Amino acid sequence: MWKLLDKSLTRFERGEIFTALIQSLGLFRADWLVRPMGHWILPDEPAFRSIDDDATKHVIQYLANTPSLDGIALLGCAYKEAIDRLDLVEANSYLKGMRSLFVVIAKPFPANVKTWIGDLQAIVEKRVCRNDWTDLYASSARVKSRAKHGVAPESDARSKAIALLNGDALYRGTQYFAVAAPIVPINDRLHWFHANRHAISDGYEAAERPFLVDTLSVNATSVGRETTEDIADKLGLSIPPAK
């Protein structure tokens with residue numbers, strides 16, 4: 001989270017953070033190279049479908065079970081990547097998920113801690129979501145009055161934290177990305193797919209290449225369509241059962 005609030009962070013560094021968070025949080029995201037063959041052998045897995053309005057619900061529900069700042073950072077990275085691709089529908093879905101996760105994180109804490117979490121949410125939305133790197137003040141962070149809520153006044157530590165977040169350097173810019181696949185919780189079948197991707201790729205190239213509509217779409221109803229288990233048997237692979 002703190003790295004995302006660093007003004008000198010580049011897109012490449014943000015991508016490294018995103019990849020590391022996907023792995024550490026037990027998630028999976030197919031890149032555009034493996035999505036067609038993933039859809040070919042595992043057509044029922046949401047991980048290989050095109051992004052849609054409900055694609056983010058899997059990851060948001062998963063993150064809500066064990067809410068953390070890492071989860072917020074992951075959604076922040078996903079939001080920024082969607083904005084880079086000018087996919088505003090997907091970005092909005094991640095933004096709503098981020099806000100709901102902040103609510104879940106704050107729920108068990110007393111009022112004074114909820115206020116600090118609200119401050120952090122305001123900072124994240126200002127810097128990560130709105131790309132606004134102007135100086136941060138209590139008014140711009142929508143901070144509630146501590147005197148009104150009977151909480152200790154703003155501390156020197158918090159003032160220093162705000163000062164560190166303020167600055168005069170900003171790395172801006174956009175980059176084109178291929179259409180993204182959904183981020184989903186990893187399961188046994190996705191583990192299996194990753195471990196056997198080379199053998200699956202060979203079988204996919206031989207069997208389904210003529211039926212490709214384009215690089216991200218497979219005609220799953222083509223003549224002679226086989227089941228996942230049939231394909232795995234032909235490849236000599238033992239596939240975990242679907243759950």
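My entries on helix packing and aromatic rings follow.

I noted at the start that this is a predicted model, in which local features need pLDDT of at least 70 and side-chain atom pairs count only at pLDDT 80 or more, while totals for chains, interfaces and linings use all residues. Residues are numbered from 1 along each chain as its sequence is written, and side-chain values use heavy atoms, with hydrogens and water left out.

I looked up helix α4 (residues 69-84) and helix α5 (residues 88-106), which pack at an angle of about 165° with their axes 8 Å apart; the axes are lines fitted to C-alpha atoms over the stretch in contact, and angles run from 0 to 180 degrees between N-to-C directions. α4 and α5 are therefore roughly antiparallel, a term for angles over 145 degrees. Their contact (heavy atoms within 4.5 Å) includes L75 and Y79 of α4 and L95 and F102 of α5.

I then turned to α5 and α6, whose axes are 10 Å apart at an angle of about 165°, and therefore these helices too are roughly antiparallel. Among the residues in contact I found L95 and F102 of α5, with I117 and V124 of α6.

I checked helix α6 (residues 111-129) by itself: its 19 residues reach 25 Å from first C-alpha to last, close to the 27 Å expected at 1.5 Å a residue. After α6 comes N131, with a positive phi near 55°.

Lastly I found three aromatic pairs, where a pair means ring centres of Phe, Tyr or Trp (its six-membered ring) within 6.5 Å. F28, F48 and F193 form one aromatic cluster.

Terms used. Helices (H or I, at least four residues) and strands (E, at least two) are DSSP runs, numbered from the N terminus. Angles under 35 degrees count as roughly parallel, over 145 as roughly antiparallel, 65 to 115 as roughly perpendicular and the rest as oblique. The expected span of a helix is 1.5 Å times one less than its number of residues. Rings of Phe, Tyr and Trp (its six-membered ring) pair if their centres lie within 6.5 Å; planes under 30 degrees apart count as stacked, over 60 as edge-to-face and the rest as tilted.
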